[in-house]
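The following exercises are to be worked with the sequence and the coordinates at hand. Each task is followed by a solution in steps.

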Amino acid sequence: DYMGTRLDFKKNVIPSPYPTVDKQIVGYLPGQLITIGARTSVGKSVIATQSAITACVAGKSTLLFTLEMSEFEVMDRMVSAMSNVELGAIRTRTLSEDEQAEFDSAVERFRNFPLDIDENPAVTIEYIKNRATRKAQSAEGLDFIIIDYLQLVTHDKRGASREQIVAE
């Protein structure tokens, strides 16, 4: 029935990290391809990591491809965001007692996230498909894929437009 379908739909929505955006887009929906583009250094990676945090907090199994940063850089950023402890303090280990407690709590929550981070800088479309298939078939399943820096995905489609490559 219609209402049952609507309830199932709501169950599968992954919230974005921004409630005001969710009022417009309802969150990330199954089957959607959402591309976020902007000039350099305006926060696209922040949106990617915040989206991963929000999805994991909602219990959604997430696969994050990070083509510019190492896994440890991503983890530091995520734990910083979750603990409200400045990234610089985390990296230099100059945390106050209160910050250390917040940091430790965030690390414990992070460890329990249904999150896989893939830091391979030379991924191909085929690699992404294979990695996603393996995760989807795991006990954890797969609800959400994030690719931080889609333009760095390599391809072998000579003469193909960027639009065709992204569509693939």
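**Exercise 1.** Does Val 21 count as buried, partly exposed or exposed, and at what relative accessibility?

*Solution.* The model is predicted, so local features need pLDDT of at least 70, side-chain atom pairs count only at pLDDT 80 or more, and totals for chains, interfaces and linings use all residues. Residues are numbered from 1 along each chain as its sequence is written, and side-chain values use heavy atoms, with hydrogens and water left out.

Step 1. Locate the residue: Val 21 belongs to helix α2, residues 19-25. Helices (H or I, at least four residues) and strands (E, at least two) are DSSP runs, numbered from the N terminus.

Step 2. Apply the classes: buried means under 20% relative accessible area, exposed over 50%, and partly exposed in between (1.4 Å probe, protein chains only). Val 21 has a relative accessibility of 35% and therefore counts as partly exposed.

Step 3. List the contacts, where contact means heavy atoms within 4.5 Å. Apart from neighbours within four places in sequence, Val 21 is in contact with Ser 16 and Val 26.

**Exercise 2.** Describe the chain as a whole.

*Solution.* Step 1. Count the elements: there are 8 helices and 3 strands. Along the sequence they follow the pattern α-α-α-β-α-α-α-β-α-β-α.

Step 1. Along the principal axes, the C-alpha atoms fill a box of roughly 55 × 45 × 35 Å. The chain has 168 residues, of which 33% count as buried.

Step 2. Consider contacts along the sequence. Among contacts with a separation of 6 or more, 64% are accounted for by residues 24 or more positions apart.

Step 3. Consider the surface. The accessible surface is about 10700 Å², and 51% of this surface belongs to carbon and sulfur atoms; such areas come from the Shrake-Rupley method with a 1.4 Å probe, and for residues only the protein chains shown count as cover.

**Exercise 3.** Which residues touch Ser 80, not counting residues up to four places away in sequence?

*Solution.* Step 1. Ser 80 lies in helix α4 and is buried, because its relative accessible area is 12%.

Step 1. With residues up to four places away not counted, Ser 80 touches Val 85, Glu 86, Leu 87 and Ile 90.

Step 2. Follow one of these partners. Leu 87 is in helix α5, residues 87-92, and touches Asp 76, Arg 77 and Ser 80 under the sequence exclusion of up to four places. Leu 87 is partly exposed, because its relative accessibility is 23%.

Step 3. Examine the loop between α4 and α5, where Asn 84 is found. Asn 84 is exposed, with a relative accessible area of 71%. Its phi is near 60°, a positive value in a residue other than glycine. Most residues other than glycine have a negative phi.

**Exercise 4.** Is Met 69 buried or exposed?

*Solution.* Step 1. Met 69 is placed in the loop between β1 (62-66) and α4 (71-83).

Step 1. Met 69 is buried, because its relative accessible area is 9%.

Step 2. Beyond neighbours within four places in sequence, Met 69 is in contact with Ser 45, Val 74, Arg 77, Glu 119 and Asp 148. Between Met 69 and Tyr 28, 41 residues apart along the chain, the C-alpha separation is 24 Å.

**Exercise 5.** Which element gives the most to the lining of the largest pocket?

*Solution.* Step 1. The largest pocket is lined by 48 residues, and Ile 34, Ile 146, Ile 147, Asp 148 and Leu 150 lie nearest its centre.

Step 1. Two or more lining residues come from each of α3 (44-57), α7 (125-136), β3 (144-148) and α8 (162-167). The element that gives the most is α3, with 6 residues.Step 3.

Step 2. Turn to the loop between β3 and α8, the place of Tyr 149. Tyr 149 is partly exposed, with a relative accessible area of 33%, and its phi is near 100°, a positive value in a residue other than glycine.

Note on methods: On a 1 Å grid over the protein atoms alone, a cavity is a set of points where a 1.4 Å probe fits but cannot get out, and a pocket is an open set with protein on both sides within 12 Å along at least five of seven lines; lining residues have an atom within 4 Å of a point.
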